[in-house]
Amino acid sequence: MSVKTLIAMFATVAATFAAPPIVHAAQEKPSMQTAMPKPTKSGHAAVNGVNYYYAVYGTGGPLLLVHGGLGQIEMFGSNLATLAQSRQVIGIDLQGHGRTSLGDRELSLVDRGNDMAGVLKQLGYDKVDVLGYSLGGGVAFQFAAQHPEMVRRLALVSTLFAQDGFYPEMLPQQAVVGAAMAEHMKETPMYKSYVAIAPHPEDFPKLLDQVGAYMRKSYDWSADVKKLTMPVILIYGDSDMIRPEHIVKFYQLLGGGLKDAGWQREHMSQNRLAILPNLTHYEMGLAPQLLDAALPFLNGQGRAKSWDEQVSAK
């Protein structure tokens, strides 16, 4: 099997073609480097047997930022810097990712979602906004479903509520992910970004085994969607890895897209859906368009005036 094929297979969930800031910084010319903010606070928080690395950036309303698979906090690139200009961004490296050790506990989005509450409580946060991307979107979903009182607003980026949201041809590719791929992945951004900062780089094959085992498990969280009582925005690329039918169903489960909103917006859901043009799953974390959609929602900014309101105001 070719390295190219292996990369394509793992990219179905890793979404880390967008994770080069750590790997390529030394290779790029200074003018091309992403100016990453320095954390105002960083360290580790032990929660449920996992020693999570966290970093806090900027000042303002607290925003938990959750990265994608085989990534780390910095995979958001310049979007992290932009967020830190107006928000206090709490970045957490997920179990087995970045600077957080894998340990012996099996990978579970449900467990990691619950862990986010533990980390935030240790850091002194009672309520935060949340933005999660891909794998991080699944973690953010579970955090919000299990601890809705801690989430003010929730942005889920390229996120599924059930395994069948993937295109069907992707499932066999995910099923073969495991330690046997590790040697062939040493020239990929997934491996390079991992060994650059991981506390135990030798755990990479074990991580692949754990990720593969998780991806072979079927899941359906449609019943948990009703637990998302806070305002939610779903954000996807128009060429995402997630089926459009699944995206629409997710929005409908949240109460949106069920009927016309009405002349006076009387049937409007509190939740939102954004489909960003000319973007794939792998580009979403770094795309400036992501913040164009997410930030106004997270900031609770009002809408533009309707035609009726404009005419009535004259």
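View 1. Leaving aside residues up to four places away in sequence, Ile-275 touches Tyr-236, Gly-237, Asp-238 and Ile-247 (contact means heavy atoms within 4.5 Å). Ile-275 sits in strand E8; strands (E, at least two residues) and helices (H or I, at least four) are DSSP runs, numbered from the N terminus. With 43% relative accessibility, Ile-275 counts as partly exposed (buried is under 20% relative accessible area, exposed over 50%, partly exposed in between, with a 1.4 Å probe and protein chains only). Ala-293 is 18 residues away from Ile-275 in sequence, and the two C-alpha atoms are 9.2 Å apart.

This is a predicted model, so to speak of local features takes pLDDT of at least 70 and side-chain atom pairs count only at pLDDT 80 or more, while totals for chains, interfaces and linings use all residues. Residues are numbered from 1 along each chain as its sequence is written, and side-chain values use heavy atoms, with hydrogens and water left out.

**View 2. Strand E7 and its two partners, E6 and E8.** Strand E7 (residues 232-239) is largely enclosed by the rest of the structure, because six of its eight residues are buried. On one pairing, E7 and strand E6 (residues 151-157) go parallel over four bridges, with Leu-156 bridged to Leu-234 of E7. On the other, six bridges join E7 to strand E8 (residues 272-280), again parallel, and here Gly-237 has Leu-276 of E8 as its bridge partner. Pairing takes at least two DSSP bridges between the strands.

**View 3. The crossover from E7 to E8 through helix H9.** Right-handed here means that, with the strands pointing away from the viewer, the path from the first strand over the helix to the second runs clockwise.

View 4. Most residues other than glycine have a negative phi.
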